[in-house]
Amino acid sequence: MSDAIVLCYHAISERWPAALATTPRQLRQQVWHLLRANYRGATFSDIAFGAPAARAVAITFDDAYRSVIDLALPILAEAGFPATVFAPSAFIGRTEPVAWPGIDQWRETEYADELTPMSWDDLAALTRVGWEIGSHTRSHRNLTELNAQQLDEELSGSRADIEERLARPCTSLAYPYGYRDTRVIQAARRAGYTAAARTTRGRILPPSSALDWPRIMITRRDDKRRFHIKTSPAFRRVRASAAWAVIDRRRRRRRAAHPTVES
Ligand SMILES: [Zn+2]
């Protein structure tokens, strides 16, 4: 098993209690833990296409929240890590909060400004410091529910938007919500993507193709202990094994029976 890992983050915030918002302190601890464990930073495409000799980690951010350039960039720059942002191109540069099922419940709250997306200038600035900007489609819809024409608009359209605005190739993609099936993967290939990331809950199998790359999801719930376990080679080995299905089923059952016990 290759010792390259791809982590999936979303927003960075001190105050926003959403699971998808990691605090700056958590991110700093996590990055420095990886540095001490001899990981070097890479972009998502570096890992999807390279055969990293050493331990490599790609930190990826979905949704292009403004907090990423404000709060994550300084922390990653200290560590000398680049990162990858997957941007929903129709929302970039808007002043109002992004909107789709799953985050809409925050729009009428005091945390609405946490949903502000980055501008095209922000994304261009990130490319100048070695970050990769990939696509997160145009409008963050569940791709498995779209017809062929809508799929093409979301996939080719977003790639064209990003290439035009940033004047550089955009060949990587993250599937919104991680949802993809064979048809979606084929459409992504036809649209010109060469690497695409999903998220994973269950067994972490080695990628079946560069267009179906698993990522480890990191949330606000990941304290030091959980992060160390999630990223440890031993735990990743277990999650890649056939035994994981049995272990995970029993954990879930135990957690349902004793909801106060930490997983
Ligand atoms: Zn997303």
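## Helices H1 and H3

How are H1 and H3 oriented to each other, roughly parallel or roughly perpendicular? In this predicted model, their axes cross at roughly 20° and come within 10 Å. Angles under 35 degrees count as roughly parallel, so H1 and H3 are roughly parallel to each other. Their crossing is right-handed.

On the H1 side, the contact is made by Pro24, Leu27, Arg28, Val31, Trp32 and Leu35, and these meet Leu71, Ala72, Ile75, Leu76, Glu78 and Ala79 of H3. Sorted by class, the contact of H1 with H3 has 10 nonpolar and 2 charged residues, with no polar ones.

## Helices H1 and H7

H1 (residues 24–36) also packs with H7 (residues 224–231): the two axes come within 11 Å and cross at roughly 40°. That angle makes H1 oblique to H7. Here, too, H1 passes its partner H7 in a right-handed crossing.

Gln29, Gln30, His33 and Leu34 of H1 make this contact with Lys224, Phe227, His228 and Thr231 of H7. The class counts for H1 with H7 are 2 nonpolar, 5 polar and 1 charged.

## Helices H4 and H5

For H4 (residues 120–128) and H5, the axes come within 10 Å and the crossing angle is roughly 75°. H4 and H5 are therefore roughly perpendicular to each other.

Trp120, Leu123, Ala124 and Thr127 are the H4 residues in this contact, while H5 brings Asp161, Ile162, Arg165 and Leu166. By class, the contact of H4 with H5 has 5 nonpolar, 1 polar and 2 charged residues.

## The zinc site

Which protein atoms are donors of the zinc ion? They are OD of Asp63, NE2 of His136 and NE2 of His140, lying 2.1 Å from the zinc ion. The spacing of these donor residues in sequence is D-x72-H-x3-H.

Asp63 sits in the loop between strand E5 (56–62) and helix H3 (66–79), and His136 sits in the loop between strand E7 (132–135) and helix H5 (148–166), so this pair ties together parts that are 73 residues apart in sequence.

Are these two residues buried or exposed? Buried means under 20% relative accessible area. Asp63 has 3% relative accessibility, so Asp63 counts as buried. His136 is buried as well, with a relative accessible area of 1%.

Key: Residues are numbered from 1 along each chain as its sequence is written. This is a predicted model: local features need pLDDT of at least 70, side-chain atom pairs count only at pLDDT 80 or more; totals for chains, interfaces and linings use all residues. Side-chain values use heavy atoms; hydrogens and water are left out. Axes are lines fitted to C-alpha atoms, for helices over the stretch in contact, and angles run from 0 to 180 degrees between N-to-C directions. Helices (H or I, at least four residues) and strands (E, at least two) are DSSP runs, numbered from the N terminus. Angles under 35 degrees count as roughly parallel, over 145 as roughly antiparallel, 65 to 115 as roughly perpendicular and the rest as oblique. A crossing is left-handed if the near helix is turned anticlockwise from the far one by less than a right angle, and right-handed if clockwise. Contact means heavy atoms within 4.5 Å. Ala, Val, Leu, Ile, Met, Phe, Trp, Tyr, Cys and Pro count as nonpolar, Asp, Glu, Lys and Arg as charged, and the others, Gly among them, as polar. Donors are N, O and S atoms within 2.8 Å of the metal (3.2 Å for Na, K and Ca); water is not among the atoms, so sites may look incomplete. Buried means under 20% relative accessible area, exposed over 50%, partly exposed in between (1.4 Å probe, protein chains only).
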